[in-house]
Amino acid sequence: MLPLSYAPPHPRPNTCPSHKPKPQPLPRALPFPDALRAAAAAAAISLSLLAGNTAGAPPAWAVEQPPEICRVEDDGRDTEVKAEAVTNEQLVEEAWEVVNEGFLPDAGSRPWSPELWMQRKQDILQGSVKSRSRSHEIITKMLASLGDPYTRFLSPSDFSKMSKYDMTGIGLNLREIPDDNGSLRLMVLGLILDGPAHSAGVRQGDELLSVNDIDVRGKSAFDVSSMLQGPKETFVTIKVKHSNCGPVESMKVQRQMAARTPIFYRLEKRDNDNSSVGYIRIKEFNAVAKKDLVSALKRLQNSGASYFVLDLRDNLGGLVQAGIEIAKLFLNKGDTVIYTTGRDRQVQNTIVADSGPSVKTPVMVLVNNRTASASEIVASALHDNCKAVLVGERTYGKGLIQSVFELHDGSGIVVTVGKYVTPDHKDINGDGIEPDYRRLPGAVHIHRIFFLLLSSCVQCG
């Protein structure tokens, strides 16, 4: 599963003159700790994986945004400029500061405290760092000393691949940026070179305005990425604004990469009663999971399903935001989907359902020891809000939140900055979720189980 957020280094502002401006280098000074506090604010929100309604919390990038700028076309020198804008020692200190500001001590297998971490920096920076490759080695070892397998270094090439992760099917990655009125604008964060969108004329920094004539301003990056998805070799019409000062252009883009549906379903008739069961298996959570699940639920309901079995066994996760959106389909408005906690206040969020349930039919969720991450969020949200019973084995217990931070030379680091806590305030990480039943109940007991679930929830409520 990809890390859950992205925090860029300080932007390079350019004004909007009538003539083409000259490229401006990154600021040489690294303004610690303010810049990194702004970067840490992206925890658990970006890469379109956890964006959404989080009980009023602003999007990560709302902390600090550049003024209106005109994009300068890439002349191939950007990497060189960035590499020279920071010394090797400053790069190591930048990575150190990210951990110092946001790392979750619970994530590591070794003791961590600000005092111990300060001593670590002093030990590392006693001498000069002779080369950029050496600074990367130092950062790698420094992060490994935390004892957290998820906190790690990304080379410039690895970071570039991650920032261009495509879940749209046309080779681009979107991020949400609030405008002056508080509304969300969707900007192109990354592009796959020679991919469909890039070949059609989309460039990094463009704003996406509409998809198939539907205005997308104010929508989440996750929802719009799903709108862009479709069968391979079909076309989607998009409208983009080139930079903040450029023209608006409509273009027809052929989809070349299509996310495969992770939803498999069937209707089963029970032999010893008159009920029908809607069985749905979710193999993973991707950009089309919610859309395809909604379709499956409607078909099964129209076919007479009296309750659903949601099979999350061997589902290791995927896009966390997809799991959150799927959980919301079953919850009442205002129900808690999940809590996120961490040292930084920007990570401390309550994610709630923002509308009523699409499904009111009783649900049974199947889990095992390979049910992890986003699957555990769905299972716990439905269980703790009295919408489902859990059957099977204790789940895996992957409940940590990683954030991706870009360093000033184009490399990056993935840092564990928070963790998930269920609506019943149970820590998922390490412990997993204990099911209500080890074995699938017989048909004669199922209706009674749902009745007892509802009764116990009413009494607790």
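**Notebook: strand E17 and its surroundings**

I began at strand E17, where Tyr339 has Val421 as its bridge partner. The model is predicted, so I noted that local features need pLDDT of at least 70 and side-chain atom pairs count only at pLDDT 80 or more, while totals for chains, interfaces and linings use all residues. Residues are numbered from 1 along each chain as its sequence is written, and side-chain values use heavy atoms, with hydrogens and water left out.

Entry 1: I recorded the terms first. Helices (H or I, at least four residues) and strands (E, at least two) are DSSP runs numbered from the N terminus; two strands pair if DSSP finds at least two bridges between them. E16 and E17 form a hairpin with five residues between them, and Gly410 in the turn has a positive phi of about 95°.

**Entry 2: burial of E17.** I then looked up exposure, where buried means under 20% relative accessible area, exposed over 50%, and partly exposed in between (1.4 Å probe, protein chains only). Ten of the ten residues of E17 (residues 412-421) are buried, so the strand is largely enclosed by the rest of the structure.

**Entry 3: helix H11.** I found eleven of the eleven residues of H11 (residues 374-384) buried. These residues pack against several elements, including E12, strand E14 (363-367) and E17. After the helix comes Cys386, with a positive phi near 60°.

**Entry 4: the core.** A nonpolar core is a set of buried Ala, Val, Leu, Ile, Met, Phe, Trp, Tyr and Cys residues joined through side-chain atoms within 4.5 Å. The largest has 72 residues, of which Phe330, Val365, Leu382 and Ile413 touch the most other members. Apart from it I noted another core of 19 residues, among them Leu172 and Val236.

**Entry 5: two helices.** Lastly, I examined helix H4 (residues 114-124) and helix H5 (residues 132-144), which pack at an angle of about 155° with axes 12 Å apart. Axes are lines fitted to C-alpha atoms, for helices over the stretch in contact, and angles run from 0 to 180 degrees between N-to-C directions. Contact means heavy atoms within 4.5 Å. On the H4 side the contact is made by Trp117, Arg120 and Ile124, and on the H5 side by Ile138, Lys141 and Met142.
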